[in-house]
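Hello,

Please find the structure below. My notes on it follow.

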Amino acid sequence: MSPLFGRSRGGGTPKDPAQAQAQAQRDEESLARMQQGHIPLNAAERLATLADTDPSSLAFASDLSVQEYALLHSLGIVPVTLVMGSSIYQVGWQGTYYMVPTEIQSVSHAYNESRRLALGRLLEETTLVGADAVVGVRIEQGRHDFAAGSVEFVAIGTAVRLPPALRGHDGPVLTDLEGQEFWQLCAAGIRPVGIAAHTSVHYVPASWQTARAMGGGMFGGSWYNQELGDFTQGVYDAREKAMTYVTQQAAALGADGIIGVKLEEHASGRRVARGGIECDDMIITFHVIGTAVREDPSLATDARTPRTILSLA
Amino acid sequence: MAYDPSSTEGVPEAGRARLQQNRAGLFTSDLSVNEFLLVRQAGFRPLGLVIGSSIYHIGFQQASYRQNQEMTVLSQAMYHARELAMTRMEEEADQLGADGVVGVRLDIGRYEWGENLAEFIAVGTAVKHHGGELHRAPSGRPFTSDLSGQEFWTLLQTGHRPVGMVMGSCVYHVAHQSMRQSLRNVGQNVELANYTQALYDARELAMERMQAEALEAKAEGIVGVDLHERSHGWGSHVIEFFAIGTAIIPAEGSEDHVIPAPQPVLDLS
């Protein structure tokens with residue numbers, strides 16, 4: 001490691017050599033842990049202190065709203081701490097272009113690995129504090145100037161301890177549901193089992209017909225209405241691939257359904273000259289995410305009929 | 001376009017595999033928890049997220065500068081592309097053996113890199129009734145509805161059911177004012193009658209077309225009509241009026257149905 005590294009930290013004041021060496025060792029260890037997909041030492045230690053504490057005497061951190069907290073409290077759901085996981089992943093794609101519709105594997109892979117690592121770390125933190133579930137998980141994409149051409153996912157949520165009746169059988173469960181929603185599902189006899197997500201990125205070259213319709217030639221675009229079959233098919237391919245993976249993940253989690261599916265689509269154009277005609281190829285990115293759920297007969301259901309109300313507010 | 005329920009034209013291999021999984025019992029849906037629970041409460045179970053989309057090149061039409069007129073090429077493009085997206089979505093629902101599709105969103109995406117290019121997309125959750133009561137539209141097609149789960153539940157409480165989304169579209173060129181007109185009006189409060197008339201025309205055409213679709217579907221009425229004016233990058237004088245709503249019919253055996261009185265509540269939030 002460069003000697004400059006050690007110096008710039010801690011405001012440049014020279015430290016006791018033994019202390020500095022211990023710090024360097026910790027950093028090395030943290031990095032090694034990260035490379036194995038784990039969380040750094042500092043985080044692990046902070047969380048470990050929370051795990052032993054009696055929850056009733058605990059000062060907790062959470063991003064719950066006041067109402068949400070009040071409801072959870074009355075249901076016996078105890079927030080423990082804010083937990084997070086993140087990962088920045090370098091995209092290896094060099095911007096080559098393709099003659100046939102292709103999945104840009106390296107970009108898809110970067111998104112999926114980054115998200116997997118971030119969620120893995122979130123789960124690890126949750127396990128460390130001895131929580132039963134994470135509610136209200138927000139998965140956000142970050143972008144940094146210092147890491148151009150990379151993707152980042154950050155997952156943040158509130159780890160909670162559940163009353164014994166709601167507790168799952170196999171470890172903590174991640175959901176992107178609010179606390180209220182979590183409880184409502186359980187009350188209806190449905191248990192959330194995890195988050196399913198996938199990204200696929202496809203490259204769709206413009207066919208000759210598309211290039212002509214969009215105005216490659218000297219006369220500008222075509223005057224006629226027409227569907228662009230190649231682009232439509234490309235969008236279908238990308239979307240269906242992402243959805244199929246999400247469905248498979250849910251099946252692997254033992255779910256019998258996915259609710260709250262969000263589809264996010266980005267299309268960008270890429271100007272290329274093919275056979276002397278300038279045209280726009282399409283790069284399409286699909287993010288699909290949802291909460292996997294399973295009907296669980298062991299949950300005590302209280303069948304409530306909804307009532308129609310007239311809000312006076 | 002003729003409707004062929006058995007067609008899976010355009011659905012890629014991966015998509016067929018997904019629908020197969022959905023048929024095997026694993027559902028997907030974009031309903032929120034509340035919507036999901038209410039749809040179940042209403043006696044339906046979700047089967048799968050169904051989607052139809054089409055990327056469409058919208059043609060070109062020259063409008064005469066000083067004339068109010070419908071841009072028929074553009075109107076047709078909007079109709080045709082939406083129809084393609086909706087029909088593909090219905091085909092997927094049919095593949096799943098659904099009674100209908102709830103929570104349909106019909107969006108148009110435009111890309112800054114592709115002029116005259118638009119993506120039409122229809123997404124919704126295919127549902128089937130627990131009891132096997134047939135809830136399809138009279139035409140045999142799966143019903144479609146853009147009502148949320150909450151609205152869907154409430155509608156069923158009133159003894160009605162949706163038959164399908166109906167829409168009307170009209171792309172219209174609003175004539176420019178002549179130099180003489182603008183000069184005459186300088187500094188005056190006057191109604192710009194030709195503008196008012198143009199917007200009236202366009203709106204009425206869109207509404208009339210939507211109503212015609214509802215009549216054809218043998219509906220009793222249309223709820224949740226959304227009427228908006230949009231411009232899709234055709235310049236400031238070319239606008240689209242788009243009317244969309246859910247056509248409904250009385251549910252079977254609902255003649256003596258009583259609508260429960262709502263309970264007034266005061267929300268403390």
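Chain A is divided into domain 1 (17-95 + 105-188) and domain 2 (196-297), with bounds that come from an automatic or database domain assignment. This is a predicted model, in which local features need pLDDT of at least 70, side-chain atom pairs count only at pLDDT 80 or more, and totals for chains, interfaces and linings use all residues. Residues are numbered from 1 along each chain as its sequence is written, while chains are lettered from A and ligands numbered from 1 in the order in which they are written.

The C-alpha centres of the two domains of chain A lie 30 Å apart. Between them, 10 residues of domain 1 are in contact with 8 residues of domain 2 (contact: C-beta atoms, placed from the backbone, within 7 Å). On the domain 1 side, helix 5 (residues 105-128) of chain A gives the most, with 5 residues. Helices (H or I, at least four residues) and strands (E, at least two) are DSSP runs, numbered from the N terminus. That side of domain 1 divides into 5 nonpolar, 3 polar and 2 charged residues (nonpolar: Ala, Val, Leu, Ile, Met, Phe, Trp, Tyr, Cys and Pro; charged: Asp, Glu, Lys and Arg; polar: the others, Gly among them).

The contact between the chains takes 52 residues from chain A and 56 from chain B. Strand 2 of chain B gives the most to the chain B side, with 8 residues. By class, that side has 31 nonpolar, 20 polar and 5 charged residues.

Strand 2 of chain B also pairs with strand 7 (residues 226-227) of chain A, in the antiparallel sense over 2 bridges (pairing: at least two bridges found by DSSP). There, B:Tyr56 stands opposite A:Glu227.

Regards

Terms used. Two residues are in contact if their C-beta atoms, placed from the backbone, lie within 7 Å.
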